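Here are my notes on the structure you sent. They are meant to be read beside the model.

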Amino acid sequence: MPAATTEEIMLELVDENGITIGTAEKMSAHQAPGRLHRAFSVFLFDTAGRMLIQQRALGKYHSPGVWSNTCCGHPFPGESPLAAAARRTFEELGVSPALLAEAGTVTYHHPDPASGLVEHEYNHLFAGLLRAEPRPAADEVGAVAFVTPDELAKRHAENPFSAWFMTVLDAARPAIRELTGPSSGW
């Protein structure tokens, strides 16, 4: 019997309008110059309007040890971005959002000089509420923090963040403001 092999993770390749045009293996889609593929980013908030951010685990293949939004990833081919966002939030953080709503889409092309990998993504954005304490998976998440807008600005100035973080946050801000209210400062 042959030795077991690691199963390839496939991603959906998309055109500039987000229409599926094929699939590619995850690592090959991230090789320079990068192939446009479907992704998602989640922003969850507690009842005080603070955003949950995570520090990516040091063992991650891409952008290890940097801070980023609550959760991000890629839907499997044929999986809806909403279902993928809920699935990965539970897999990474051990909690399910109390509410998860669409917050738009954004396309970007961000090379990572440290790894040589490229994030060329058609990203589906989601904002929601969290009513339980995160229980992060150690192989996915190094640390978590709930932050106010001022605390986020301070952390962002002092710590490395993912290359895509500000792009996805800025694109999701209108939905985040609607979710958290005008007094939250987002």
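Which residue takes a positive phi in the hairpin of β1 and β2?

1. Gly18 does, with phi near 80°, in a hairpin that has 5 residues between the strands. Most residues other than glycine have a negative phi, and most peptide bonds are trans.

2. This is a predicted model, in which local features need pLDDT of at least 70, side-chain atom pairs count only at pLDDT 80 or more, and totals for chains, interfaces and linings use all residues. Residues are numbered from 1 along each chain as its sequence is written, and side-chain values use heavy atoms, with hydrogens and water left out.

3. Strands β1 (residues 10-14) and β2 (residues 20-25) run antiparallel and are joined by 5 bridges; strands are DSSP runs (E, at least two residues), and helices are runs of H or I (at least four), numbered from the N terminus. Pairing requires at least two DSSP bridges. Glu12 has Thr23 as its bridge partner in β2. In β1, 4 of 5 residues are buried (under 20% relative accessible area, 1.4 Å probe, protein chains only).

4. The peptide bond from Ala32 to Pro33 is cis, with omega near 10°. Pro33 sits in the loop between α1 (26-29) and β3.

5. Ile176 has contacts (heavy atoms within 4.5 Å) with residues including Phe43, Ala127 and Trp186, leaving aside residues up to four places away in sequence.

Methods
Buried means under 20% relative accessible area, exposed over 50%, partly exposed in between (1.4 Å probe, protein chains only).
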